[in-house]
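Reader: I would like to go through this model term by term. Please set each value against its definition before drawing a conclusion.

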Amino acid sequence: KRNMSIHLQGIREGATQVLLEGKHIGDIGAQDLGSILLECTNITKIDLKSNSLTSRGVGSIAGVLYRQAHLTCVILEDNNIGNGEGLRQLCEHLATNRTVRTLNLKNCRIDSTGATFIGQKLLAQNTVLRELDLSDNDIGVEGSVAILQGLRENTSIQIINLTNTGLSSEQQNAISSQLNSNRGVTNSPESSPNRRGGGGAPERLQETTQFLQGEIRGVQADLSYTASRFQAANATAYTSTYTHTYIR
């Protein structure tokens, strides 16, 4: 618990990235982190890979994502999330999110029920997510149908990883073909990763614009942080340096 407090304290002190891979903060730690994220709103990346999270812990994080106006990447790989309320909340909050471009749900014990949440809520409504990793989840036939239907409404996904998800080659090809049809994407038979293909100039311009806008938001967050730290230090002494605090 002491180590967890040290990790979370770094966020309070101005970190712009939450890098907690393998720290095993659990659902209680996720609840504490959620409270901190309500106040610290310059976060650009949240990495909670291998943190012993369940649906409850993910729900604690999902419920405060609306406060993060600069967040571009969420990694929840290797957690026992399953198909419960936490995944549903995550999909609902990210459905209308306008900044997150990468979502990693690899090996999160998601099956066809969870894949249906993702397809019907997240993919069908989100307009900026570019990369989704669902590999090593047994989403099966019903899940693949929901993913395919969601992609028919989605115009932003460029990479979707469906490796080792129980899909047949026909299902993989159907999803790959839909990506190609929607956005000029070419992809491997495994659907992971997909590569940008020969989309028209307007589509490529839109993709580039969305990417650059996300990068600009990240730079603006760093500049804002730099200015606030410099002003605080200048109150007691002249200084020309500052140090970001990152969570390792």
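Author: What follows takes the labels one at a time.

Author: This is a predicted model, in which local features need pLDDT of at least 70 and side-chain atom pairs count only at pLDDT 80 or more, while totals for chains, interfaces and linings use all residues. Residues are numbered from 1 along each chain as its sequence is written, and side-chain values use heavy atoms, with hydrogens and water left out.

Reader: What makes a stretch a helix or a strand, and how many does the chain have?
Author: Helices (H or I, at least four residues) and strands (E, at least two) are DSSP runs, numbered from the N terminus. By that rule the chain has eight helices and eight strands.

Reader: Why are α4 and α5 called roughly parallel?
Author: Axes are lines fitted to C-alpha atoms, for helices over the stretch in contact, and angles run from 0 to 180 degrees between N-to-C directions. Helix α4 (residues 85-95) and helix α5 (residues 112-125) pack at an angle of about 10 degrees, their axes being 8 Å apart. Angles under 35 degrees count as roughly parallel, over 145 as roughly antiparallel, 65 to 115 as roughly perpendicular and the rest as oblique. The two helices are therefore roughly parallel to each other.

Reader: Which residues make the contact of α4 with α5?
Author: Contact means heavy atoms within 4.5 Å. On the α4 side the residues are Leu87, Arg88, Cys91, Glu92, Leu94 and Ala95, and α5 contributes Gly114, Phe117, Ile118, Lys121, Leu122 and Gln125.

Reader: What makes Asn79 buried?
Author: Buried means under 20% relative accessible area, exposed over 50%, and partly exposed in between (1.4 Å probe, protein chains only). Asn79 has 1% relative accessibility, so it counts as buried. Asn79 lies in the loop between β3 (73-75) and α4. Leaving aside neighbours within four places in sequence, Asn79 is in contact with residues including Leu48, Ser52, Cys108 and Arg109.

Reader: Which backbone atoms does the side chain of Asn79 reach, and how do you know that these are polar contacts?
Author: A polar contact is a pair of N or O atoms within 3.5 Å; within protein, one must be able to donate a hydrogen and the other to accept it, and residues adjacent in sequence count only if both atoms are side-chain atoms. A polar side-chain atom of Asn79 is 3.0 Å from the backbone oxygen of Leu76, and the side chain also reaches the backbone oxygen of Glu77 at 3.3 Å.

Reader: Why is the phi of Arg109 worth a remark?
Author: Most residues other than glycine have a negative phi. Arg109 is not a glycine, yet has a positive phi of about 60 degrees. Arg109 is found in the loop between β4 and α5 and counts as partly exposed because its relative accessibility is 47%.

Reader: Is Asn164 buried or exposed?
Author: Asn164 is exposed, because its relative accessible area is 56%. Asn164 also has a positive phi of about 60 degrees, and its place is in the loop between β6 (159-161) and α7 (169-183).

Reader: What makes a set of residues a nonpolar core, and how many residues has the largest?
Author: A nonpolar core is a set of buried Ala, Val, Leu, Ile, Met, Phe, Trp, Tyr and Cys residues joined through side-chain atoms within 4.5 Å. The largest has 50 residues, and Leu33, Leu105 and Ile118 have the most contacts inside it. Helix α5 gives the most to this core, with five residues.
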